[in-house]
Amino acid sequence: MRMQAEDQAEPDADGLPVDLGILGGMLSWYFRVIELHLSRDLNEHLENFDIVRGKGKIPVLLLIAQHPGIRASVIADVTMLNRSVIARILDGFQQAGLVRREMSFVDNRALDLTLTDAGIAMAARIREIITRQSAAFFSFLPPQDHDRLLDILRRTYVHLHETRP
């Protein structure tokens with residue numbers, strides 16, 4: 001359906017089809033739009049790695065790779081995902097042969113998480129993919145803007161982590 005002449009909006013100063021109004025000043029709106037496109041782009045790069053598609057899976061895999069013996073509760077704390085989500089991710093990784101859950105030598109009530117050889121190889125490949133994808137996705141940003149944005153996001157994450165209930 002074509003817009004009537006009176007319905008056609010003038011482009012805004014940034015060249016967008018319309019003035020965003022209040023949305024133009026809302027960080028949350030920009031984050032939602034960017035996250036949607038960032039996720040789609042990442043999924044395209046992960047074409048043969050369905051096991052790590054979906055929220056939280058890559059951080060779980062990479063945290064185990066970075067910290068062999070880490071516990072699920074620590075992963076839940078760092079990712080700020082609830083433990084049941086982490087448990088489902090770990091179940092999938094274990095069924096795929098990527099993760100081992102082993103009784104802790106320190107506390108026999110706890111399970112330490114380690115990657116199998118297949119998990120180690122997967123984590124290495126995923127690191128390469130996400131590094132390349134992130135660099136390409138944000139390639140329009142000059143290095144100083146990239147570093148500044150990363151710093152702001154890191155500080156926001158730390159604040160959220162420290163102040164959550």
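Visitor: What covers the buried residues of H4?
Guide: This is a predicted model, where local features need pLDDT of at least 70, side-chain atom pairs count only at pLDDT 80 or more, and totals for chains, interfaces and linings use all residues. Residues are numbered from 1 along each chain as its sequence is written, and side-chain values use heavy atoms, leaving out hydrogens and water. Helices (H or I, at least four residues) and strands (E, at least two) are DSSP runs, numbered from the N terminus. Going by contact (heavy atoms within 4.5 Å), the cover includes H2, H3, strand E1 (99-103) and E2.

Visitor: Which residues of H4 are buried?
Guide: Buried means under 20% relative accessible area, exposed over 50%, partly exposed in between (1.4 Å probe, protein chains only). Arg 88 and Gln 95, on the other side of H4, are exposed. The buried ones are Ile 86, Ile 89, Leu 90 and Phe 93.

Visitor: Which residues have the most contacts inside the largest nonpolar core?
Guide: A nonpolar core is a set of buried Ala, Val, Leu, Ile, Met, Phe, Trp, Tyr and Cys residues joined through side-chain atoms within 4.5 Å. The largest one here has 24 residues, and the best connected are Ile 64 and Ile 126.

Visitor: Which helix gives the most to this core?
Guide: Elements giving two or more residues to the core include H2 (57-66), H3 (72-79) and H5 (117-137). With six residues, the top contributor is H2.
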